[in-house]
Amino acid sequence: MTIKDPRRQKQLEKLVQKLGLSKTTAVNWSLLDLALTHCSISAEDNYEQLEFVGDAVIRLASSEWLWENYPNSSVGEFAAIRSVLVSDRILSQLARSYGLERYLLVSNSAAGDKVGETSRLADAFEAILGALYLSTHTLELVRPWLDPHLQKLTTEIRQDPARQNYKDALQEWTQAHYKLLPKYHLTENLQVHGANNRFTAQVWLQNRQLGEGTGRSKKAAEQAAAKQAFLELRGEK
């Protein structure tokens, strides 16, 4: 069923075709319209609930794809790669590749907030995934066009393991099991730029040290510590 505004209906059909789907597919157009309505337009009728559903959809689609294509990988690697795939940075990047900002209904004041643009586009992208999933209650309107992106991104991440996000994976694990976030303690060992062991990071949960790692940057050291902690907690080391 189409929506009341014919101009908006044509806009949505154009977006669906950009995704590689036929405009005659079983899309719930009202949900798709809602997925592209920012809360600055309506406090009640906006994309927030669909974003909540879409957050689960992108995780499921990514998990299925990784399981199907990398059956010999560890759960730890899956989690670290998925944390990158579902990040706001990647989702907003995908949103921009489809020109999503042209279809998003947002107030002028909110649109002027360039700092919040990345999270706004990532949220809308998740909402679209939620709308497409709820149109059929399957991934049939999602995976055909999302899988090529997952393939390209996963290949890039696996070629550069430093991009795997063990910090987010560890955070998810500790929140799920302890309702707590891990804390990092950093030490600068050398004041030499580019030294592989310039920084040492320790990751702690309550009074227990979970892991330790070194790196040429603070971020790299924290990721190394998080990787050691996560793999040991998962029994994969």
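Colleague: Which residues line the largest cavity?

Modeller: In this predicted model, the lining of the largest cavity consists of L15, L19, A95, Y98, L100, F125, I128 and W145.

Colleague: What makes the space a cavity by size, and how many does the search find?

Modeller: The search of the whole structure takes cavities of 30 Å³ or more and finds one. The largest cavity has a volume of about 40 Å³.

Colleague: Where does UniProt place the feature "binding site"?

Modeller: The unreviewed entry places it at E51, D123 and E126.

Colleague: Why say that these residues gather at one spot?

Modeller: They span 76 residues in sequence, but no two of their C-alpha atoms are more than 5.8 Å apart, so they gather at one spot. Of these residues, E126 is included in the lining of the second largest pocket.

Colleague: What does E51 touch beyond four places away in sequence?

Modeller: E51, in helix α3 (residues 48–69), touches D123, E126 and A127.

Colleague: Why is E126 called buried?

Modeller: Buried means under 20% relative accessible area; E126 has 5%, so E126 is buried. E126 belongs to helix α7 (residues 117–136). Beyond four places away in sequence, E126 touches L50, E51, G54, D55, I58 and L91.

Conventions. Residues are numbered from 1 along each chain as its sequence is written. This is a predicted model: local features need pLDDT of at least 70, side-chain atom pairs count only at pLDDT 80 or more; totals for chains, interfaces and linings use all residues. Side-chain values use heavy atoms; hydrogens and water are left out. UniProt positions are given in the numbering used here, feature names are shortened, and annotations may be inferred rather than shown by experiment. On a 1 Å grid over the protein atoms alone, a cavity is a set of points where a 1.4 Å probe fits but cannot get out, and a pocket is an open set with protein on both sides within 12 Å along at least five of seven lines; lining residues have an atom within 4 Å of a point. Helices (H or I, at least four residues) and strands (E, at least two) are DSSP runs, numbered from the N terminus. Contact means heavy atoms within 4.5 Å. Buried means under 20% relative accessible area, exposed over 50%, partly exposed in between (1.4 Å probe, protein chains only). Grid points are joined across faces, edges and corners, and a volume is the space filled by probe spheres set on the points.
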